[in-house]
Amino acid sequence: MSNENILHEYRLFMPADFREEQAYLEHKEKSGWIFIGVKRYRYTFKKGEPKSVKYIRDYKEDDIFVDDYTEMYENAGFEFIFRTDDNYYFKKTGEYFPEELEEFSTYYDRAKYFGELHMKKMSDTFVIFLIALAVALGNTIAGTFAFSNIVDILISVFSLIAIFLSVAWLLLLFLKYRKIMDIKLTPEELQEKEEERLEEEREKEIRIEPYAGDVSSFGEFPDTNLSFEEILESKIK
């Protein structure tokens with residue numbers, strides 16, 4: 001494949017920009033550039049036939065039942081395109097109905113998750129800001145801003161640059177985060193979400209208890225940490 005059939009573009013889409021990112025990918029494909037993947041804000045496309053499609057950027061926080069997760073999208077008519085970390089990209093050609101995804105990925109769910117990603121990014125950036133500020137203050141207290149040697153100069157310059165960049169990045173993250181901060185659920189929706197959370201917790205608590213011992217046609221089952229199924233299988237063998 002020649003280079004002229006490959007296009008790279010840099011776009012600074014934050015997690016809160018997932019709707020804008022989806023619209024961007026849809027516009028590129030309508031222009032004849034098909035999305036392949038993204039890494040560090042660098043989007044890669046290949047030349048193809050212009051189409052009107054619907055892109056969805058979704059998430060999955062673990063690697064459990066990934067096949068079942070992607071199959072749900074495929075059953076709704078979506079094609080799996082790309083995955084990076086916990087983010088999954090799907091697209092659908094033809095008519096799209098938002099309710100097709102409601103049972104496993106609502107707009108609220110995605111907005112809430114991407115909002116949490118923003119909070120983590122802001123937290124990490126704030127730690128960098130505190131470290132840079134501590135270094136700058138330490139230099140000031142020690143009097144090293146007199147620039148007595150090249151090492152002092154470099155430390156001072158880099159700490160000031162780190163303070164400036166971290167503050168600017170924090171401001172950008174906050175402004176982006178504000179777009180999804182105001183998402184509110186009705187009392188009924190909140191109750192439904194709470195019931196779903198409690199149900200998930202109950203499912204996680206279900207465990208197969210060790211079999212305490214009994215007598216059957218296979219003989220006596222002594223006390224053990226194995227499950228009943230494991231003991232039965234060993235007896236059959």
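1. In this predicted model, Glu 9 and Lys 28 form a salt bridge, with their closest N and O atoms 2.9 Å apart. The pair connects distant parts of the chain, since Glu 9 belongs to strand S1 (residues 6–10) and Lys 28 to helix H1 (residues 18–30), 19 residues apart. Both residues are buried. Glu 9 and Lys 28 are also linked with Arg 11 in a network of salt bridges.

2. Glu 26 of helix H1 and Lys 54 of strand S4 are 28 residues apart, and their side chains form a salt bridge with the closest N and O atoms 3.7 Å apart. Glu 26 is buried, at 18% relative accessible area, whereas Lys 54 is partly exposed, at 22%. The count of salt bridges comes to 6.

3. A nonpolar patch lies on the surface, formed by Ile 150, Ile 153, Leu 154, Val 157, Phe 158, Ile 161, Phe 164 and Leu 165, with about 780 Å² of accessible area together. Ile 150 is located in helix H4 (residues 150–181) and counts as exposed because its relative accessibility is 55%.

4. Regarding the chain overall, the secondary structure comprises 6 helices and 8 strands. Of its 237 residues, 30% count as buried. The accessible surface amounts to about 15,900 Å², with 58% belonging to carbon and sulfur atoms.

Notes. Residues numbered from 1 in each chain as written. Predicted model: local features only at pLDDT ≥ 70, side-chain atom pairs only at ≥ 80, totals over all residues. Heavy atoms only, no water. Helix = DSSP H or I, 4+ residues; strand = E, 2+ residues; numbered from the N terminus. Buried < 20%, exposed > 50% of the residue type's maximum accessible area, 1.4 Å probe, protein only. Areas by Shrake-Rupley, 256 points an atom, 1.4 Å probe, with all protein chains shown as cover. Patch = residues over 30% accessible without salt bridge, like charges linked within 9 Å, V, L, I, M, F, W, Y side chains within 5 Å. Salt bridge = Lys/Arg side-chain N within 4 Å of Asp/Glu carboxyl O.
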